[in-house]
Structures are given as C-alpha cells and as structure tokens.
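Dear colleague,

Please find below the structure that I am handing over to you. My notes on it follow directly after.

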Amino acid sequence: MGILSLNMSTGASTTIAPESADKIDPASATAQQEPIFKDINAEQTVELVEIESACMNCFKTGVTRLLPTKIPFFREVVLMSFKCDHCGHTNNEMQSASEIQKNGVRIELKVQKESDLNRRVVRSDNSSISIPEVELEIPVQSQKGEVTTIEGIIERTISGLSQDQEKRRIDHPAEAESIDAYIDRLRHLKLVKTPFTVLLEDISGNSFIENPLAPASDPQLKTSHFTRTTAQNEQLGLYEQNHEDQNLLKPIAEDEWPIENLHGEVLQFATNCPSCQAQCETNMKLTNIPHFKEVVIMATVCSKCGHKTNEVKSGGGIEPEGVRFKVRIATKEDLTRDVLKSETCSLSIPELDLDVGPNALCGRFTTVEGLLVAMREQLDGTLFHDSADEPSKNQLDRFLSTFDKVIKLEHVITLVLEDPAGNTYVQSLTDDDEPDDKLTVERYERSYEDNEELGLNDMKTENYEQNA
C-alpha cells in the first residue's frame with residue numbers, strides 16, 4: 001500500500017501512513033457511519049476538520065478548516081477557510097459536494113435596483129457568469145466556487161483587474177488606462193442607474209441565485225435547464241462507454257423476464273442518502289394506476305439519519321399534449337384525492353401568488369393533503385434563516401401561517417398542476433372518472449419553450465442513424 005495524500009485547492013496537505021491503518025479506533029469507525037452533511041443550528045455543535053497547510057503567500061504553515069454542511073433548499077457543500085498566523089493571509093472557498101445534476105442550469109437575473117445587489121449567489125467551480133451590458137464574461141473553472149452576492153461578484157472582478165495595475169502603468173501605460181476605464185464601468189454598475197443583466201450558467205446544475213420574494217415567483221429571475229453536450233460532460237469527468245462489453249445495462253432475452261413478473265417484484269439497488277450521503281437502499285416497483293398508466297414507484301429510507309423519500313416516474317412516454325389540472329380545495333374530501341405528480345409538473349396557488357417549479361418537488365404519488373404538506377416543508381427551508389434579514393423572515397413566517405390555515409381548510413384555494421409532458425394525474429371523485437364539479441382538466445398544445453425544456457426539439461425519431 002502507498003501513502004494516502006489529501007490535497008485541497010486552499011493549500012491543505014496531509015498524509016496517512018499505511019501502518020496506522022491497523023490502529024484505527026472502533027469508535028471512530030462507527031463515527032464515520034454518521035451523516036456527513038448536517039444542518040447548522042444553534043443547538044448543535046459545529047464539527048470542524050482542521051488540516052495543517054502550506055501558505056501560498058509566505059510558504060509557512062497555516063491551518064485550513066473544513067465544514068461539510070447543507071444549504072437550506074439547495075444542496076450539500078464543503079466550506080473551506082484558510083488562515084496563516086505568520087503573514088495574516090486568508091482564503092475562503094466553497095466546493096459543491098452534491099452529485100452532478102441530470103441537467104445544467106441557466107439563471108438570468110435582471111438587476112433593477114440597489115437591493116438586487118444583495119441577492120445571495122451560490123456558484124460552483126463549473127459555473128460561468130456574464131454581464132452583457134459591460135461585455136464581462138467569467139469562464140467555467142476560472143474561479144473557485146463561493147457563496148457570495150451580486151455585488152461580491154462585481155467586487156471580486158474589480159479586485160482581480162486591479163492587481164499589478166501600478167506596475168502595468170509603468171510598463172504598459174496604454175493597457176493600464178484601458179483597464180482603469182473598464183474598472184470604472186464595473187463600479188458604475190453598483191450604482192444601478194440603468195438596469196443590467198447577470199447570466200449564470202452551470203453545466204453541473206449546482207448553482208443558485210436567491211429569490212427574495214419566495215415563495216412567490218420573481219419576475220426579475222428566470223431559471224431554465226439544458227442538456228449538456230458531450231464536451232461539457234467530458235469537462236465534468238463524465239465519459240460514455242462506447243464498447244458493448246463495458247456497458248452497465250445489458251440486453252436480456254425476449255422471454256427471459258416477462259413484464260407480468262416485473263409487476264409483482266420489488267427491486268432493490270444500493271444508493272446514497274440524499275440528505276446525509278450515507279449508504280442505503282432504494283426499493284423500486286412497477287405498478288398500474290387505474291384510469292391512468294403504468295408508473296415506477298421508488299422509496300428510500302436512510303437508517304442513519306431517518307430521511308425518507310418516495311419518487312414516482314412515468315412508465316410511458318411523453319404525451320402528445322400537455323395537461324393542466326385545477327382543483328378547488330374547500331372540504332376534507334378534497335384533501336383525500338389521489339395525485340400523481342410527475343417530475344416535470346409545476347404547482348401554483350393563485351390565491352396565495354405561489355408558484356413552485358417542477359424541480360422543487362420530485363415526482364410522487366400522494367394525496368392533495370400530502371402534496372400541500374410537502375410544499376409547506378419545502379417552503380420552510382427556502383431562506384438561510386441564520387443570515388436572512390428580519391423583513392425576509394417576517395414575510396416567510398406570515399406566509400407559512402397563511403399556508404397552515406389552508407391545510408386546516410380555513411381558506412378556500414385552487415391548486416393548479418401543470419405538466420407539459422402530460423404525465424400527471426388527479427383523481428376524480430365521480431364513479432365514472434369524469435371530472436367532478438371541483439376538478440377542471442385542460443389539454444393544451446406545448447410551446448416551443450416547453451418542447452425545448454423536454455428535449456423534444458432536437459429529438460430525431462426517423463433516419464436517426466444519418467447525420468442531421
């Protein structure tokens with residue numbers, strides 16, 4: 001065995017000799033089975049990992065502190081802080097510790113007032129940022145991931161451009177004058193005398209810009225998802241296997257596993273807990289929902305942190321038309337309707353000015369009451385409670401109080417489920433499964449943007465072996 005070495009981008013380096021592997025305390029081995037990423041709260045002791053590191057400024061020994069934690073309503077991250085007691089050099093970074101998402105994310109923010117500069121931004125190493133109005137572009141992997149604000153992004157750019165300006169004014173005065181003029185343009189942005197646009201694109205899908213109006217939708221903020229190209233997958237270290245003998249999934253004989261047998265089987269496969277990343281198992285079963293279609297139900301229970309998830313995926317393809325359900329909720333009977341929400345379905349409650357995107361809640365088979373409770377739990381984690389300002393906290397508390405009255409049927413609302421893929425279902429309370437007086441079902445033709453989000457515009461079903 002060789003020597004295990006841990007190297008962090010902040011300059012951290014430590015080694016573990018192979019002979020020490022036999023001296024590991026059983027208690028510490030048990031502790032390693034505990035959840036890696038925990039929520040930070042006032043009652044919990046923060047567990048930091050400290051590593052002696054070489055300072056990149058004076059090359060003496062400093063200390064790097066690592067904190068694995070979870071950002072509410074976002075994902076797991078590792079916060080890193082380096083400090084050198086000899087020269088005072090500091091360095092703070094954030095690295096995403098969650099898995100690479102299925103699609104990349106593209107976020108567009110229209111900055112219209114000075115308060116927009118305070119919006120929190122979580123960006124990974126794989127994100128790029130651009131401001132078209134000043135021709136600013138920060139490429140992918142040119143900066144380390146961080147938790148910052150819109151103003152912080154502009155300030156960091158100004159700081160980077162200001163380095164070596166004094167020397168540049170002597171050696172290259174013309175270039176230094178151009179950079180000074182550009183820095184003035186960036187400083188002018190912070191005055192927000194005219195609106196400007198911030199475009200954040202992350203091929204890993206692990207970036208985020210705060211919505212201060214949450215849980216209501218923000219007209220200044222637009223989020224969309226895109227399918228990565230082969231080059232972008234390779235940039236993330238995701239490579240496709242081209243050889244059939246190396247494929248994970250292999251074809252089976254036509255009659256070896258009939259579909260009828262699959263309906264009665266519960267399949268299990270190993271996975272990681274989405275909350276604490278501990279190893280656990282996911283159960284999967286194919287079932288048939290009456291008056292609808294076949295679906296795949298998946299359930300995961302973590303024995304370490306107790307986290308439970310259930311997810312539903314459609315067993316069929318995308319329907320020719322999108323579907324929109326409007327459910328009037330006024331009585332206890334209305335809360336008992338069965339609901340199959342697909343992962344492409346968005347939710348809204350017009351009376352509360354509430355919009356929940358398709359990626360906030362995964363696909364699930366539940367009731368109307370279960371869906372409302374899940375929405376309430378998600379909304380309770382939309383803000384960084386420890387760092388949010390008092391007006392934001394009060395705004396969310398008032399909204400959650402109103403939402404509790406909705407669940408107690410003290411307010412009559414309309415729940416709207418809109419699925420461009422057509423794979424969502426809401427139970428009717430009539431015997432013939434026709435829509436009752438409190439349920440409205442609308443079929444509609446998808447827009448170009450809907451088809452783009454579903455990946456249908458680039459799909460080729462005929463002569464697909466030929467080059468487009």
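The term pLDDT denotes the predictor's confidence in each residue, on a scale from 0 to 100. The chain has a mean pLDDT of 79, and 79% of its residues reach 70 or more. Over residues 1–32 the pLDDT is below 50, and this stretch has 35 contacts (heavy atoms within 4.5 Å) beyond near neighbours in sequence. The pLDDT also stays under 50 over residues 383–387, which have 14 contacts beyond four places in sequence in the model.

This is a predicted model, in which local features need pLDDT of at least 70 and side-chain atom pairs count only at pLDDT 80 or more, while totals for chains, interfaces and linings use all residues. Residues are numbered from 1 along each chain as its sequence is written, and side-chain values use heavy atoms, with hydrogens and water left out.

The chain contains 10 helices and 26 strands; these are DSSP runs, numbered from the N terminus, with helices (H or I) of at least four residues and strands (E) of at least two. Of its 468 residues, 36% are buried, that is, under 20% relative accessible area with a 1.4 Å probe, counting protein chains only.

Ser127 belongs to strand β9, which covers residues 127–131. Ser127 counts as buried because its relative accessible area is 0%. A polar atom of its side chain lies 2.8 Å from the backbone oxygen of Ser124. Beyond four places in sequence, the contacts of Ser127 include Ile138, Pro139, Leu200 and Asp202.

Yours sincerely

Methods: Buried < 20%, exposed > 50% of the residue type's maximum accessible area, 1.4 Å probe, protein only. Polar contact = N/O pair within 3.5 Å; in protein donor to acceptor, adjacent residues only side chain to side chain.
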